[in-house]
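Please keep the structure in view while reading.

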Amino acid sequence: ITTKSTLAINDEYLSIIKQSNIVLQVSMVSKPFSLIYEPNAPSFRDRFAMLYSLSHNVKRLIVRCQPFIVSELDNVLGMIRAYAYSNVYGLLVGAMTFKERQLNANVRVGDGWCYDYGVLYEPLKMIKQCCHEYGLVFLTNEMDYADMSDSPTCCGCEGLDGFDVNTSNFNHLPIVFREKMTKPGTASTFRRDLRNNSMDDKSYAEVALSLLEKKGIC
């Protein structure tokens, strides 16, 4: 479950969470980011305040630092020690897709713009080092930097009983597709990342293989 809502620590929800086999992600980048991009969401401070309580009632608690922008690097690094004290398991970092072209974001993906190759390497490296310094797991869902992640399962559920992890993705090559993934209409899971809604007649396997071909992997 991924949320920004402080409803998660209300008694009626927390009592259900306690009984559930879940990994919970709280989506939060930084206080300045929240003020600019999330004015109608619970404050960064309020989301941070619920981490300690949640961490003792879920199998794993992840801080989902997404959409990350490189200008927020120092603010992100400055919170990692506090996340560790709040008993957070790990930090998941995924970058922003911009509506308009930026100085260092010139890669067109669907109807948005992503960071140029190489821009994220040093920020992700620094975040990973800081996570390890305080005993946190570092996770990223950035395909070009997948080898930097502490786990190929970026959501944080690897190794937990009761989870059937999807290995039919770019972090597990060669990809072995499940039968359902070869059926037309299963490519909709790529809509968000590719920012493309015209995939209803395609299969998960078809789109995945076409992306690998573009990357020169197969």
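## Nonpolar cores

A nonpolar core is a set of buried Ala, Val, Leu, Ile, Met, Phe, Trp, Tyr and Cys residues that are joined through side-chain atoms within 4.5 Å. In this predicted model, the largest such core has 43 residues, and those with the most contacts inside it are Y83, L91 and I127. At least two residues of this core come from each of helix 1, strand 2 (23-27), helix 4 (51-55), strand 3 (60-68), helix 5 (73-85), strand 4 (90-95) and helix 6 (121-133), and helix 5 gives the most, with six residues.

Leaving aside neighbours within four places in sequence, L91 is in contact with V63, C65, V76, I80, Y83, I127, C131, V137, F138 and L139. There is also a second, separate core of eleven residues, and M181, A187, Y204 and V207 are among them.

## The second largest pocket

The second largest pocket holds about 160 Å³ of space, and its lining includes I1, T3, Y13, I16, I17 and L24. Helix 1 (residues 11-18) gives the most to this lining, with three residues. By type, the lining residues of this pocket divide into eight nonpolar, three polar and no charged.

## Serine 34

S34 is found in helix 2, which covers residues 31-37. Is S34 buried or exposed? With a relative accessible area of 5%, S34 is buried, because buried means under 20%.

The side chain of S34 makes a polar contact with the side chain of R47, at 3.1 Å. Not counting residues up to four places away in sequence, S34 touches P39, P42 and F44 as well as R47.

Methods:
Residues numbered from 1 in each chain as written. Predicted model: local features only at pLDDT ≥ 70, side-chain atom pairs only at ≥ 80, totals over all residues. Heavy atoms only, no water. Helix = DSSP H or I, 4+ residues; strand = E, 2+ residues; numbered from the N terminus. Buried < 20%, exposed > 50% of the residue type's maximum accessible area, 1.4 Å probe, protein only. Polar contact = N/O pair within 3.5 Å; in protein donor to acceptor, adjacent residues only side chain to side chain. Contact = heavy atoms within 4.5 Å. 1 Å grid on protein atoms, 1.4 Å probe; cavity = no way out; pocket = protein on both sides within 12 Å on 5 of 7 lines; lining within 4 Å. Points joined across faces, edges and corners; volume = space filled by probe spheres on them. Nonpolar A, V, L, I, M, F, W, Y, C, P; charged D, E, K, R; others polar.
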